Amino acid sequence: MFFSMTGNQYLEMYQRSIDDPAGFWSEIAETFYWKQKWSPEEVCTENLDVTKGPIKIEWFKGGKTNICHNAVDRYVEAGDGAKIAMYWEGNEPDQDGKLTYSELLDKVCQLANYLKSVGVEKGDAVVIYLPMLMELPIAMLACARIGAVHSVVFAGFSADAIAQRITDCKPKVVITCNAVKRGQKLIPLKDIVDASLVESAKNGVTVGICLTYENQLAMKKEDTQWIAGRDVWWQDVVPNFPTRCDVEWVDAEDPLFLLYTSGSTGKPKGVLHTTGGYMVYAATTFKHAFDYKPTDIYWCTADCGWITGHSYVTYGPLLNGATVLVYEGAPNYPDPGRCWDIVDKYGVTIFYTAPTLIRSLMRDGSVYVDRYSRKSLRVLGSVGEPINPTAWRWFYNVVGDSRCPISDTWWQTETGGFMITPLPGAWPQKPGSATFPFFGVQPVIVDEKGREMTGECSGYLCIKKSWPGAFRTLYGDKDRYETTYFKPFSGYYFSGDGCRRDKDGYHWLTGRVDDVINASGHRIGTAEVESALVSHPKCAEAAVVGIDHEVKGQGIYAFVTLVDGVPYSDDLRKSLIMAVRSQIGAFAAPDKIHWAPGLPKTRSGKIMRRILRKIASRQLDELGDTSTLADPGVVDQLISLSDS
Ligand code: PRX
């Protein structure tokens, strides 16, 4: 099969991107539309070293552009308005839709005009809580068009989690829909938003407008709870607005979106991305890592509620003028062959998904794959967690018929786009390795003292030098931004991941080294789960660790200590899990609750998670030194209760 880039071309381009980042990225940036060009001496201004002053990352400063214009108008103006921008496949196999670039522009403009009419201005936040309808990318683009800052909240988060985000970013408008069906299950999204707005009002943040899309396939208008004066039906107002709306030209460093993600401590962090650098980076990574061609039909199974959906459902593909498939339903509904049914139905050429889905479909058996031709596929992609070689081989041999390269893309909410990834066909693949850095990215592996290691090595993955797609801060918390990412190893961005480099220079990601769990590709802070558990009146203390899980990658294992005198029971176990579901969302529910009369702590009171991890994974001969514990007896007690 023919691919655009050879290994030598990559090496040449990579070298140039490192030797002359300003020149390299300027040339690429010039292929976009800028109302006003950036100042040539300010292509990139950066300080990644806390010892030298505040952290600062700026790209294309002084430039004025608009990402929505570049993703939509640019293609309509170039005469490609009739090209399909989005196919939409609903929960049921007979539900579908599509939008050309011209139609997309009309819809984006109408919503943008509506938002303006209710007073949303440049810099205002808008929270979006929508399932994978085309209205979700439309809403993101409409915000971007008028310079508003969107904050998409994954439609699996609970009312409390939405309220926390609303309280932090104080949106003028919340956009949602009345309900969605995922598989057989009806999820009343509007009810969840209603509850979150009651919560956020208690925190002093009142949202004036809840724009609600009527998702007729899931729920009728008349069955939807309504608060007159605050709630507005999308279909009643948005279509009445003009299909033309002037673009707000924003500075390259003006905020584009806020996306909350989990860290190892405290509440979720509002990762802030700005406009110019993110635009250039999302588009360029998409183009090369998937060897994009204008005839491609591209499908990414991620939800726009996560960064993958931002960069590789909405912005990256549309900035390249691609045709994107948006799928509303569950990947195994009505049966585990649904993905391949969709691939054949639309002639999908690039299929980008997560290891957890691959493992779950692998478990269901190849018969569901073999039923479909899949001959349109040419490039496969994986993201979200390390892909184990068995799953990699199944994806490659069974799904891709041993002819489609796999781009195993390593990156993060914070990085905006791919950081380490294969480029199709450019070099030999190794199952489970994300291979080599993308242009402009300088990964370094450091030891615990922050010393760079070379050659074959294993340690903490950091990045030296900024790249255009890097996040610029944590919203409202510059201190946490610096402390979490730049203080651990001076002079570098610290990813929170472990990594091994082999003798051929390939990178192998080994998972998080902080207290973050990656369950089904969802990033979950142990501290958040613990805080949800201890909010339960009968829970005195909780310690959460990750354990290996066959399908999810990592499972969530919670040790809980109960309030004195409270007996442990199955009902209590269920209500503890309920506490997590209602404070975070079902995806964060612990797989296992382990009743712990006491937790292993050091004499200074610090919980020894290392020991808990070993107990949780039943590696009892690897407990290590327990003599520093305040009460070494708790370990035996915990082991004896493992099967409770
Ligand atoms: O641990 C890494 C893992 O996912 C984390 C980032 O999570 P999030 O910000 O939610 O973004 C997920 C989608 C980019 C990373 O710190 N991760 C992501 N991709 C890979 C990965 N681990 C190994 N290999 C990957 N390809």
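I take a polar contact to be a pair of N or O atoms within 3.5 Å; within protein, one must be able to donate a hydrogen and the other to accept it, and residues adjacent in sequence count only if both atoms are side-chain atoms. I am working from a predicted model, in which local features need pLDDT of at least 70 and side-chain atom pairs count only at pLDDT 80 or more, while totals for chains, interfaces and linings use all residues. I number residues from 1 along each chain as its sequence is written, and my side-chain values use heavy atoms, with hydrogens and water left out.

A backbone N or O atom of P386 lies 3.4 Å from a nitrogen atom of the ligand, and a polar side-chain atom of N518 is 3.4 Å from an oxygen atom of the ligand. On its own the ligand has 540 Å² of accessible area, of which the protein covers 96% (Shrake-Rupley method with a 1.4 Å probe; for residues, only the protein chains shown count as cover).

I then listed the shell, counting a residue as near if one of its heavy atoms lies within 4 Å of the molecule or strand in question. The ligand is surrounded by 17 residues, the closest being D408, T409, T413, R512 and R523. I sorted the shell into six nonpolar, six polar and five charged residues, where Ala, Val, Leu, Ile, Met, Phe, Trp, Tyr, Cys and Pro count as nonpolar, Asp, Glu, Lys and Arg as charged, and the others, Gly among them, as polar. At least two shell residues come from each of α10 (307-319) and β26 (507-512); helices (H or I, at least four residues) and strands (E, at least two) are DSSP runs, numbered from the N terminus.

**The sheet that holds β26**

I followed β26 into an open sheet of five strands, ordered β22-β21-β23-β25-β26 with antiparallel pairing (two strands pair if DSSP finds at least two bridges between them). Because β22 (452-453) and β26 are at the edges with a single partner strand each, one side of each has no neighbour in the sheet. Strand β25 (residues 493-501) runs antiparallel to β26 and is joined to it by five bridges; I noted G498 opposite G511 and C499 opposite L509.

**Backbone details**

I checked for a cis peptide bond and found one joining Y333 and P334, with omega about 0 degrees; P334 is in the loop between β17 (323-327) and α11 (338-346). S402, although not a glycine, has a positive phi of about 55 degrees, and S402 sits in the loop between α14 (389-399) and β20 (406-408).

**Annotated spans**

From UniProt, where annotations may be inferred rather than shown by experiment, feature names are shortened and positions are given in the numbering used here, I took "domain: AMP-dependent synthetase/ligase" (unreviewed entry) at residues 82-466. I found residues 82-466 to be 31% helix and 23% strand, with the end C-alpha atoms 38 Å apart. UniProt also lists "domain: AMP-binding enzyme C-terminal" (unreviewed entry) at residues 528-606, a span that is 27% helix and 32% strand, with its end C-alpha atoms 17 Å apart.
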